[in-house]
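Reader: I am new to this structure and would like to learn how to read its features one at a time. Could you show me the model and then take me through it?

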Amino acid sequence: MLLPGAALAHVGASGEVTADALLGLRLPLLYAEGVLPLLALGLALAGSAKAFPWTWALAGLGLGILGAPWAGETTAVASLGAGALAAATVALMGLPLTGMLRAGLALVLPGLALASLYHGGSTQPPIPMVLGSFATATALVVPLALIAGAVLRLGRGGQIALRIAASWLAAIRILMLAFVQAGLTYSAAARLGSTQSGRGKWQV
């Protein structure tokens with residue numbers, strides 16, 4: 001999980017509602033470019049459930065799925081980069097972030113995460129699979145945002161702890177991006193084969 005997924009193009013839609021939903025639930029957890037930006041978003045949105053930018057987050061998830069067929073191989077790198085930027089912003093600026101910044105991150109990070117997971121498919125993924133991924137993304141981001149909000153209310157010590165956590169997440173993403181740049185993480189052959197077959201991570 002500390003390295004971006006090597007295009008497992010490996011798992012696929014089964015045609016059965018339960019199996020598709022379970023695959024959708026697992027998919028964001030199988031790839032670093034899915035889970036790590038969502039963890040960064042959870043920290044960035046520290047606060048109460050009432051203050052959570054639901055509209056922006058749901059719009060981001062929807063745009064990620066809709067744009068996935070046109071997303072390229074660099075979407076995973078963009079997702080990791082955006083996650084690194086978000087984590088670095090929290091580490092440098094502290095919490096809470098401004099409302100505009102929270103809304104922007106809630107729109108961009110889920111969209112890139114979902115697009116990186118579903119990109120390259122020749123068909124739209126099954127609805128149960130998409131709903132499963134939505135559920136996992138929500139389960140990652142919202143509880144973390146609430147926990148971070150509770151920590152933030154502890155005062156200066158909580159603020160420092162959250163900035164340290166954000167620094168750690170940013171460092172992991174920057175290290176991963178360096179590996180990607182060096183060509184140590186992705187298999188060009190696997191990616192090329194996935195692209196030529198018109199299949200994405202979620203397809204057999």
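Author: Let us begin with the surface: in this predicted model, the protein exposes about 9300 Å², and carbon and sulfur atoms supply 73% of that area. Turning from the surface to the interior, buried residues make up 48% of the 204 residues in the protein.

Reader: How many helices and how many strands are there in the protein?

Author: The protein has eight helices and zero strands, and, read along the sequence, its pattern is α-α-α-α-α-α-α-α. As for how the chain comes together, among contacts between residues at least 6 apart in sequence, 87% join residues at least 24 apart.

Reader: Which residues touch the most other members of the largest nonpolar core?

Author: The general idea is that in soluble globular proteins, nonpolar side chains tend to be buried together. Here the largest nonpolar core has 49 residues, of which Leu-45, Phe-52, Leu-95, Leu-105 and Tyr-118 touch the most other members. The elements that give two or more residues to this core are α1 (17-30), α2 (32-44), α3, α4, α5, α6 and α7 (156-181), and α6 gives the most, with 10 residues. To follow one member, and not counting residues up to four places away in sequence, Leu-45 touches Phe-52, Pro-53, Arg-102, Ala-106, Val-141 and Ala-145.

Reader: Is Thr-136 buried or exposed, and what does it touch?

Author: A residue counts as buried when its relative accessible area is under 20%, and Thr-136, which lies in helix α6, is buried with a value of 9%. A polar atom of the Thr-136 side chain lies 2.6 Å from the backbone oxygen of Leu-25. Leaving aside residues up to four places away in sequence, Thr-136 touches Gly-24, Leu-25, Pro-28 and Leu-29.

Reader: Which peptide bond is cis, with omega near 0°?

Author: As a rule, most residues other than glycine have a negative phi, and most peptide bonds are trans. In this model the peptide bond from Leu-95 to Pro-96 is cis, with omega near 0°, and Pro-96 is placed in the loop between α4 (75-93) and α5.

Reader: Where is Ala-78, and where is Ile-160?

Author: Ala-78 is in helix α4, and Ala-78 is partly exposed, with a relative accessible area of 34%. Ala-78 and Leu-109 are 31 residues apart along the chain, and their C-alpha atoms are separated by 9.6 Å. Ile-160 is in helix α7 and counts as partly exposed at 40% relative accessibility. Ile-160 and Ala-91 are 69 residues apart in sequence, and they are 8.9 Å apart in space, C-alpha to C-alpha.

Notes
Residues are numbered from 1 along each chain as its sequence is written. This is a predicted model: local features need pLDDT of at least 70, side-chain atom pairs count only at pLDDT 80 or more; totals for chains, interfaces and linings use all residues. Side-chain values use heavy atoms; hydrogens and water are left out. Helices (H or I, at least four residues) and strands (E, at least two) are DSSP runs, numbered from the N terminus. A nonpolar core is a set of buried Ala, Val, Leu, Ile, Met, Phe, Trp, Tyr and Cys residues joined through side-chain atoms within 4.5 Å. Buried means under 20% relative accessible area, exposed over 50%, partly exposed in between (1.4 Å probe, protein chains only). Contact means heavy atoms within 4.5 Å. A polar contact is a pair of N or O atoms within 3.5 Å; within protein, one must be able to donate a hydrogen and the other to accept it, and residues adjacent in sequence count only if both atoms are side-chain atoms. Accessible areas come from the Shrake-Rupley method with a 1.4 Å probe; for residues, only the protein chains shown count as cover.
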